[in-house]
Amino acid sequence: MVTNKTTASTSKRAALRAQQEVEEAAKKRRRIVSVVIGVIVIAAITVGVVLGVNHKSNSSSPAQQITPPSATKDGVYTLNPGKAKKGAPTVTVFQDYQCPACKGVEDALGKQFNELSAKGDIKLQYRTMTFLDHKLANDASSRAAMAAAAADVVGRYGPYHDVIYAHQAAKEGVGYTDDQLRKSFAAQAGITGDKLTKFQHIYDTRQTEQFVQNASDQGLQAMQKLGAEATPAYAVNGKPWDGWGQLSSSTTSDELLKAIVSAQ
């Protein structure tokens, strides 16, 4: 026969054990939560470090940036530098390599401009912009400009410039592929051997990127000062020249020179 005293004692022990089990379970849960939180914190720190490194790597500029030898820091190229005769007029061309109208003028008058520059009858300059990248939702203008700058480093700016326009896609916005810019265009511009290796390294590592960006910004500002609203735009001795629009592919080099001189 179990007494009331014995029953009460048994109930207390059972309650105590139950309370102890509850406390142990609670401690176990707290340990698990602490471990999980620790793992999450460590993972978060690791991800943060990785993302920070990647961001730093992706956002950092190339180790070496180049200003092409035929250009000023604000992006003005001179074709055949040092060739112009004393008193020769300076013709400045504002261009974008994706601009169809720029290609049209190059097709019609590019050869004549080159001849006058080679003879020293004019000082021919180019200011290259990349604003059509935004309009056409690509980066072909920038990449073409970077490739042309790399070509200048190996002494082939003029020929490479001409090759770019010769292969501008008929449909605006198609742009240029990397394969075209670093291989086929280079070959057609006469960049071979060690010069090709150097050209491709400069292009692949984007060492002319900052130059191109700055040149585009400075070129747009200079074009706006002339009152020009679109490319191509031309200036003779720093003054707007619209006479080029009256010329055509049948215009001779002498006729072109006469038109330029009359615009001074």
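The model is predicted, so local features require pLDDT of at least 70 and side-chain atom pairs count only at pLDDT 80 or more, while totals for chains, interfaces and linings use all residues. Residues are numbered from 1 along each chain as its sequence is written, and side-chain values use heavy atoms, with hydrogens and water left out.

**Helix pairs**

Helices are DSSP runs (H or I, at least four residues) numbered from the N terminus. Helix α2 (residues 100-119) packs against helix α9 (residues 253-262) at an angle of about 75 degrees, the axes lying 9 Å apart; axes are lines fitted to C-alpha atoms over the stretch in contact, and angles run from 0 to 180 degrees between N-to-C directions. That angle makes α2 roughly perpendicular to α9 (65 to 115 degrees). In this pair, Leu109, Gln112, Phe113, Glu115 and Leu116 of α2 meet Ser253, Leu256, Leu257 and Ile260 of α9, where contact means heavy atoms within 4.5 Å. By class, six nonpolar, two polar and one charged residues form the contact of α2 with α9; Ala, Val, Leu, Ile, Met, Phe, Trp, Tyr, Cys and Pro count as nonpolar, Asp, Glu, Lys and Arg as charged, and the others, Gly among them, as polar.

Helix α4 (residues 140-153) and helix α5 (residues 157-166) cross at roughly 155 degrees, and their axes come within 8 Å. The angle makes α4 roughly antiparallel to α5 (over 145 degrees). The crossing of α4 past α5 is right-handed, meaning that the near helix is turned clockwise from the far one by less than a right angle. Ala144, Ala147, Ala148, Ala151 and Asp152 in α4 meet Tyr157, Tyr160 and Ile164 in α5. This contact has seven nonpolar, no polar and one charged residues.

**Cavities**

A cavity is a set of points on a 1 Å grid over the protein atoms alone where a 1.4 Å probe fits but cannot get out, and lining residues have an atom within 4 Å of a point. Volume is the space filled by probe spheres set on the points, which are joined across faces, edges and corners. The model has two cavities of 30 Å³ or more.

| Cavity | Volume | Lining by class |
|---|---|---|
| Largest cavity | about 70 Å³ | five nonpolar, four polar and two charged residues |
| Second largest cavity | about 40 Å³ | five nonpolar, one polar and no charged residues |

The lining of the largest cavity includes Gln98, Pro100, Lys171, Glu172 and Tyr176. Tyr77, Thr128, Ala145, Phe211, Val212 and Ala215 line the second largest cavity.

How values were computed
Helix = DSSP H or I, 4+ residues; strand = E, 2+ residues; numbered from the N terminus. Parallel < 35°, antiparallel > 145°, perpendicular 65-115°, else oblique. 1 Å grid on protein atoms, 1.4 Å probe; cavity = no way out; pocket = protein on both sides within 12 Å on 5 of 7 lines; lining within 4 Å.
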